[in-house]
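Q: Hi! I have this model open and would like to talk it through with you. Could you take a look with me?

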Amino acid sequence: MRAFVFPGQGAQTIGMGRALADAYPLAREVFEEVDEALGEKLSALIWEGDQDELTLTRNAQPALMATSMATMAALGAEGVTVNAAAFVAGHSLGEYSALCAAGAISLADTARLLRLRGEAMQAAVAVGEGAMAAILGLDLEAVQAVAAAAAEGQVVQAANDNDPAQVVISGHKAGVERAVALAQERGAKRAVMLPVSAPFHCALMEPAARVMAERLAEVTIEEPLVPVVANVRAHGVSDPDEIRALLIEQVTGAVRWRESVAWMAAQGVTEIWEIGAGKALSGMIRRIARDVATRQVGLPDEVTAAVDSMN
């Protein structure tokens, strides 16, 4: 049994998806449709722009989704559809890519939602007030205890439970800094501040959640062709109303990636393809479920190799 997963912010690189667009007309059409939906040439930024500009949340989110959907289009040109997967899942913004791949949300709507999501998350907290940090070598329970002890009336929360030895925290900058120091005292192998522009997946994102709730109320969501493993539930969902509610909850809620991968493995998934840019998710998956094989699919030769592996 196979699952497709889709990367989140941090995987973006200049030039991603270009080889796919050159090799597959259907992949190029994905970038063109995203450009049209946003009313700008995001593809030019992705392929020839400045890395710092691409990394801006408002650009990175639709750009990574476009690259993942271009990969899906290339797979489709080779005869492999989303139905080759039993489940789809995505890390944070990658959940939107998963929903788009599964036919729940149109490509144009997904691009516009992610542009809005990026802008709303950036606007929710003034620059310099929030922060995120990666805690390595402590499990979720230990990190939650650190966060609670360091909060001192501020917001400090576990934001991403990535794998058994990596949990990301988010919240007020001073509180996160206290948590980093405390985590090191309590035996973390490493505790490092992350170069992010906002404190994602914590209570400080509530203004962004309200923006997304308003917009998602207007968007058509269909039942996905395969179940989507939701970040905040860590199990498969297919009901459109539930999907809508969980996307709103996801803005302030934790990304339960470790549990999501473990759940898929428990359902019988033995192979997971990482669709789009980067390979960070594959590393996490191997640390969560060692018996699950991983495959990166984001370049033309990786597309053909993936297709060949099914024969």
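Q: Where is serine 92 located?
A: Serine 92 sits in the loop between β2 (87-90) and α6 (94-101). Helices (H or I, at least four residues) and strands (E, at least two) are DSSP runs, numbered from the N terminus. This is a predicted model, so local features need pLDDT of at least 70, side-chain atom pairs count only at pLDDT 80 or more, and totals for chains, interfaces and linings use all residues. Residues are numbered from 1 along each chain as its sequence is written, and side-chain values use heavy atoms, with hydrogens and water left out.

Q: Thanks. What is the phi of serine 92?
A: Serine 92 has a positive phi of about 60 degrees, although it is not a glycine. Most residues other than glycine have a negative phi.

Q: And is serine 92 buried or exposed?
A: Serine 92 is buried, with a relative accessible area of 12%. Buried means under 20% relative accessible area, exposed over 50%, and partly exposed in between (1.4 Å probe, protein chains only).

Q: What about histidine 201, what is its phi?
A: Phi of histidine 201 is near 55 degrees, a positive value in a residue other than glycine. Histidine 201 belongs to the loop between β6 (190-193) and α10 (206-216), and histidine 201 counts as buried at 2% relative accessibility.

Q: Nice. Which residues does asparagine 160 touch?
A: Not counting residues up to four places away in sequence, asparagine 160 touches His91, Gln166, Val167, Val168, His201 and Val255. Contact here means heavy atoms within 4.5 Å. Asparagine 160 is found in strand β4 (residues 156-163) and is buried, with a relative accessible area of 9%.

Q: Where is alanine 159 found?
A: Alanine 159 is found in strand β4 as well. Alanine 159 is buried, with a relative accessible area of 0%.

Q: And which residues touch alanine 159?
A: Leaving out residues up to four places away in sequence, alanine 159 touches Met132, Val168, Ile169, Ser170, Phe200, His201, Gly253, Ala254 and Val255. The C-alpha atoms of alanine 159 and threonine 252 are separated by 8.4 Å, and these two are 93 residues apart along the chain.

Q: Switching topic: which residues touch the most other members of the largest nonpolar core?
A: Phe4, Phe6, Met69, Met72, Leu75 and Val88 do, in a core of 82 residues. A nonpolar core is a set of buried Ala, Val, Leu, Ile, Met, Phe, Trp, Tyr and Cys residues joined through side-chain atoms within 4.5 Å.

Q: Which helix gives the most to this core?
A: Helix α5 (residues 57-77) does, with 10 residues.

Q: What does leucine 75 touch?
A: Leucine 75 touches Val80, Trp273, Ile275, Val297, Val303 and Val307, not counting residues up to four places away in sequence. There is also a second, separate core of 21 residues, which includes Ala133, Ala150, Val167 and Ala188.

Q: Which helix holds alanine 111?
A: Alanine 111 lies in helix α7 (residues 107-124). At 0% relative accessibility, alanine 111 counts as buried. Apart from neighbours within four places in sequence, alanine 111 is in contact with Val34, Ala37, Leu38, Pro62 and Met65.

Q: Let's zoom out. How many helices and strands are there?
A: The protein has 14 helices and 10 strands, and 55% of its 311 residues count as buried.

Q: What is the radius of gyration?
A: The protein has 18 Å, which agrees with the value near 19 Å that a compact globule of 311 residues would have. The radius of gyration is taken over C-alpha atoms, and the globule rule is 2.2 Å times the number of residues to the power 0.38. The C-alpha atoms fill a box of roughly 55 × 45 × 35 Å, taken along the principal axes.

Q: Last one: what share of the contacts join residues at least 24 apart?
A: Among contacts between residues at least 6 apart in sequence, 75% do.
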